[in-house]
Amino acid sequence: MDQQRLAALLQESQVPNTQNLKAVTAELQKNYYSHPESLLLLVEIVATHQDVNVRQLAAVQAARLAVKHWEKIPKEQKPAVRQHLVQATMNEQTPRARHANSRLVAAVAALDLEDGEWPDLIPALFNLAGSNEVGQREVGSYIIFSLLEENPTSFADNMPQLLELFGHTLRDPQSADVRINSMMSIGAMLLMFEPLEDEESVATLQSLIPPMVDVLKDAVQAGDDEKTGQAFEVFQQFLAYESALLGKYLKDLVQFMIDLAANKQAQDDVRAQALAFLAQTVRYRRMKIQGMKDMGQELTQKSLLILTEIDDDEDDDDMGPARSALALLDQLANDLPPRQVIVPLLDALPKFATSTEPGYRKAGILALGTVVEGAPDFIASQIKAIMPMAINLLNDPDVGVRHTALIGLARLADDIAEELTPFNEPVMTALVKNLQAAMTPTADQKLAKKNIEIIRSVCGALDSMSEGLDADFMKQNAGDLVNNIGALISHDDYKVKVAACGAIGAIAECLGEDFKPYFEHTMRALGAYLTIKESEDDLSLRSGVCDSVGRIATAVGAQSFQPYVVDLMRSSEEALQLDNSRLKESSFILWSALAKVYEREFAPFLPVVFKGLFESLKLEEEEIKLKLSEEEKGIVGTENEVITGGKKLTIKGSGDEDEDFMDDDDDDEYDDFGVSVEALEKEVALEILGDVITYACGPQEVAEYLEKAIESISPLAEHTYEGCRKAAVATLWRSYARVWQLMEQETGTNWEPGLPLKQTPTVTLVKLGEIVAKATLALWHEEADRGVVTEINRNVAATFKTCGPAILAQEDFMKEVVTVVTTIITRSHPCQQDLGDEDEEQEVEGSSEYDWLVIDTALDVVIGLAVALGPGFAELWKIFEKPILRFAASESENIERSTAVGVIAECAANMEAAVTPYTEKLLKLLLKRLSDTDPETKSNAAYATGQLIFNSTDSNTYLPHYGTILQKLEPMLHLDEARLKDNAAGCISRMIMAHPDQIPLGEVLPALVGLLPLKEDYEENSPVYECISKLYENNEPTIQQLTPKLVPVFEAVLSPPTEQLDDETREIVRKTVHHLHSANQGFFSNNPNVLKLAGIA
């Protein structure tokens, strides 16, 4: 084997010529790398070749081949090879080549040490790293790092000695390389620490954190970008392990990082990295950050100040300090309670919004738009104070501020659109004003570019606001809006066209059938783009048009849209073949819209639809390909794997023989690092499959497609991407619910609560239930992602409520459900713990809204169990009672009290008389909550009290409190918030029905009738009209006297909207009208229409 030829081939492989590279690679693979001798030749090249690039490449290749060939090298040759290799590393003067050599030493050593060979290496490395010669320390410390990275257990018996060494080398007075090598070594050995088993080693490790911070400070001060990045990476690595490793130093580290980020004298890249570390810390140590006094507030306030540095011309892809601060604010809002983040932000907002500095005004509205996703409920509660400031900024004299305000408005509307409805008029005036100003021609190129952004942002704001646009208001403005936005569909800039399509779709969605006058013209304008495919811009535009057309179909309805369906389906089928993920997803979303519009009439298109969705679900997912230098591989993971978010991803290194030189930037829009385009497409396909099964499938389609659908969905419940897991489990439960619904329609029976089952489900349903339950339980107990757990909770609760107890009849399923729900509502589920601290008690006051949503949806599962089991739920209440009553007694969090009291109400209602044993304890709590300072809690307490009294048979306990309850309800009759009047009316009605003799009807009934018709909580119409009906049946004198006031009420509730009354209550009202008409037709002389509505005239 020719060493010179091997070296020449290595040299040739560095020439950027694709054809030649392939030939060189083939020869290397065939004639050299497949033979063990090549390893020895490469080591010789490492030691002797004149060209540093060849030496480095030889070391890289040798390290790769060591695993394959080292064991085949004759044993007697190995000592000389080892010595030769170490000496070559000591002699190498070029750092990058020396590092490659060190990695080769580590690759060989890891194999040897595992086999009990090379026993003198570890002592020699300690001697080198502790040498008086700085060069030897640098080599020794880097080989130690490389070996720890290759196999940390190589030093398992030398941990104390290693930590003692690092205590010195982290403070090396002569070499920054020794210091950073030592720090990286600590990062590589973190997985070896067991805090519960070796407290002494952990304490020693913690004592090294201050000098590690000094290493970072030195690198920052020296302006050494590489070492700075390496130091930051080590601190990031700590976050992947138990928090005990940082211990008390976490707070100091967080403080150091936010001070560094806020320091304008530091380099932008350094500040951005400090903010990135903080964002990850908030994500993976949210409980610890929450427990640090005032830390959430300080992080928020300093991030806001950093955000003021944002520049109009800043590149969207440039993660400078301002954008990194925005990312930190987003993480803070997602992971900390609103009082720690949103409250200080809103306190600062008036000052920022009225500042003379445009940067402050931009920062205020941009921060607000960013945090709303993490705390929509809290922001919504403050919207009256927020919106005047936002509207002023939409009309700001500075065009950059106006642009930022439009972005902020769109983000607000994404999450709380309905809360913006009262501000439609001033917002729309500002949008039109901005649009008109931006459409004015200008010779100023910079302003022209900004105008394009303004136009797109106006369209984006309209798009986001669709659910909060008042229909009557929109009717008045529709003509001008459709004309102005419609004109943009033919704009020169394709991004403007895409944005305009979104806005048109939003306008149509809001107007509903009132969009019909603009329908034909709009479809003609959009139709031209449904077949374009010449460029990526064309496909992006076609995708936007496809989304818009689906919304228009929903608005105008099946009949009006019918002429366009066949051509649209043909276009969407073609779109699947155009190799554009975004367009495929838009086609899927269009199918969902049409399935909802046409329901079972969509059946002719289902073969195409299922084929397209199944093909997406079968997609092979490509490996994420990264080009990494040797140093980068050392930072992010091994040569073939990178660790991100606790998951390992396969990667390709820059020297891989089969490297793909094609650059594909189609995926730029996806910011989920480590998530493939195929995985994102599967997520959408799963969601749409759920829609199609739910809305468009009848018994025949279920028989034809369900089995294959379940086969395609089930494996994706274990996908590495949480979006796929979430969508897969949701679609399984939706499929079960649809099959159940079809069975009930076919048999004409409805399920009844309780076990054993009173109706036997079909064989298909039993089998499907087993699959759904198995897939759910495989995730539910251990899933670390909050979003997945929340989605499981939602679907389980909804299915229990709509399909009853059948799925609970499976062996042990109910026991498993109770177990996992209990872990969630006691805040001990893995998704509620800091990463690495799953076994640690983490009690803190308050929750982020995302954290509370996990608990809230789990409590909804409790209600679902009560609905499905009926009186049989009484036994389970014993398990859930303590944590629910703890929430109901919470003094610090209104949402905990109001939600828990609502759960008590629903459980009491469904347990019926079986709630009786719990009457005393529940009543004591509810009496207190009837005087709660929080209106929502007070309202729910009224509802719960009525349900408890109506269902419990323990009248000896509750009757003595009737007077107190009425006293507490009386003030509610005058409050127009939180459905207080409606729930008070329902409570009074249930109290009357339970014991009419205990109520002063002459005083109470006039007040009750004065509240009618109910305006908010239509569910409470059921007890109200049932109560009134019974009073009439018993010829109660006060109700007889109130008949003239009740007749117009009956007319109002029998009129639209139909959702005022359920079918049973509507029948009760009709019978009451009949009864009164029979008794005295004169009651209706002023309201003849009520007779028609009641079916009499």
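**Reading burial, helix faces and charge pairs**

A: T799 is buried, with a relative accessible area of 4%, where buried means under 20% relative accessible area, exposed over 50%, and partly exposed in between (1.4 Å probe, protein chains only). T799 lies in helix α38 (residues 786-803), helices being DSSP runs of H or I of at least four residues, numbered from the N terminus. The C-alpha atoms of T799 and W740, which are 59 residues apart along the chain, are separated by 9.6 Å. This is a predicted model, in which local features need pLDDT of at least 70 and side-chain atom pairs count only at pLDDT 80 or more, while totals for chains, interfaces and linings use all residues. Residues are numbered from 1 along each chain as its sequence is written, and side-chain values use heavy atoms, with hydrogens and water left out.

Q: Why do the buried residues of α2 line one face of the helix?

A: An α-helix has 3.6 residues a turn, so residues three or four places apart point the same way. In helix α2 (residues 18-33), the buried residues are L21, V24, T25, L28, Y32 and Y33. Seen down the axis of α2, these buried residues fall within an arc of 100°, so they line one face of the helix; the arc is that of the directions from the helix axis to the C-beta atoms. On the other side of α2, Q19, K22 and K30 are exposed.

Q: Which residue forms a salt bridge with E27?

A: Side chains of opposite charge can pair when their charged atoms come close. E27 forms a salt bridge (a side-chain nitrogen of Lys or Arg within 4 Å of a carboxyl oxygen of Asp or Glu) with R5, and their closest N and O atoms are 2.9 Å apart. This pair links distant parts of the chain, since E27 is in helix α2 and R5 in helix α1 (residues 3-12), 22 residues apart. E27 is partly exposed at a relative accessible area of 23%, and R5, at 30%, also counts as partly exposed.

Q: How many salt bridges does the structure hold, and which residues are joined with D932 into one network?

A: The structure holds 51 salt bridges. D932 forms one with R929, the closest N and O atoms being 2.8 Å apart, and both D932 and R929 are buried. Salt bridges that share partners join E891, R897, K928, R929 and D932 into one network.

Note on methods: Helix = DSSP H or I, 4+ residues; strand = E, 2+ residues; numbered from the N terminus.
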